[in-house]
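Trainee: I have this one open and would like to go through it slowly. Please start with a single contact and build up from there.

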Amino acid sequence: IDNNGTNYSVSLVDISREGCSFQVPFTENCKDQFTKNEDVTIRVYFTKDDFLPLVVNVKHASEYIDEKGDAYMRFGGIFDKSLPSFQAFEPFIEFIYKFAEFSCIDKGESKVYFL
């Protein structure tokens with residue numbers, strides 16, 4: 001998250017054509033970190049230095065506890081599709097959909113040979 005020149009690391013949980021959800025470790029202040037209808041700039045890094053800036057309008061927040069018992073605050077929102085950077089990100093979203101549809105799981109039943 002890019003917040004007025006200060007970057008905060010968040011975990012991207014889910015991406016759809018309309019928006020995304022992300023989470024931050026739960027703290028006493030995290031509930032108030034992002035408010036409903038607030039625009040948040042997210043930097044999606046593809047390398048150590050290269051990222052696409054996206055704007056997400058926050059629509060909901062909820063507490064989440066994972067299978068290890070760690071607590072998080074999850075936020076979800078919709079993308080601002082009017083930004084030029086979203087045009088570059090949109091094909092990536094489509095790739096994720098196609099990957100989910102057609103990907104296979106390697107169960108180790110075949111051997112890999114190097115030429």
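Trainee: Which residue in β4 is the bridge partner of serine 11?

Mentor: In β4, glutamine 23 is the bridge partner of serine 11. Before we go on, please note that this is a predicted model, in which local features need pLDDT of at least 70 and side-chain atom pairs count only at pLDDT 80 or more, while totals for chains, interfaces and linings use all residues. Residues are numbered from 1 along each chain as its sequence is written, and side-chain values use heavy atoms, with hydrogens and water left out.

Trainee: And how many bridges join β3 to β4?

Mentor: There are 4 bridges between strand β3, which covers residues 11–15, and β4, and the two strands run antiparallel. Strands here are DSSP runs of E with at least two residues, helices are runs of H or I with at least four, and both are numbered from the N terminus; two strands pair if DSSP finds at least two bridges between them.

Trainee: What do β3 and β4 form, then?

Mentor: They form a hairpin, with 3 residues between the two strands.

Trainee: Which other strand pairs with β4?

Mentor: Strand β7, residues 71–79, pairs with β4 in the antiparallel sense over 7 bridges. If you want a place to look, find serine 21, which stands opposite glycine 76 in β7.

Trainee: Is β4 mostly covered or mostly open?

Mentor: Strand β4, residues 19–25, is mostly covered, since 6 of its 7 residues are buried. Buried means under 20% relative accessible area, exposed means over 50%, and partly exposed lies in between, using a 1.4 Å probe and protein chains only.

Trainee: Changing topic: how many salt bridges does a search of the whole structure find?

Mentor: The search finds 3 of them, where a salt bridge is a side-chain nitrogen of Lys or Arg within 4 Å of a carboxyl oxygen of Asp or Glu.

Trainee: Which residue does arginine 17 form a salt bridge with?

Mentor: Its partner is glutamate 94, and the closest N and O atoms of the two are 2.7 Å apart. Arginine 17 sits in the loop between β3 and β4 while glutamate 94 is in helix α1, residues 84–102, so that this pair, 77 residues apart, links distant parts of the chain. Arginine 17 is partly exposed at a relative accessible area of 37%, and glutamate 94, at 30%, also counts as partly exposed.

Trainee: Which residue meets lysine 81 in a salt bridge?

Mentor: That is glutamate 18, and the N to O distance is 3.2 Å. Lysine 81 is partly exposed, with a relative accessible area of 38%, and glutamate 18 is partly exposed at 48%.

Trainee: What about lysine 98: where do it and glutamate 101 lie?

Mentor: Both lie in helix α1, 3 residues apart, which is about one turn of the helix. Lysine 98 and glutamate 101 form a salt bridge whose closest N and O atoms are 3.9 Å apart.

Trainee: Does glutamate 101 count as buried or exposed?

Mentor: Glutamate 101 counts as exposed, at 52% relative accessibility, whereas lysine 98 is partly exposed, with a relative accessible area of 46%.
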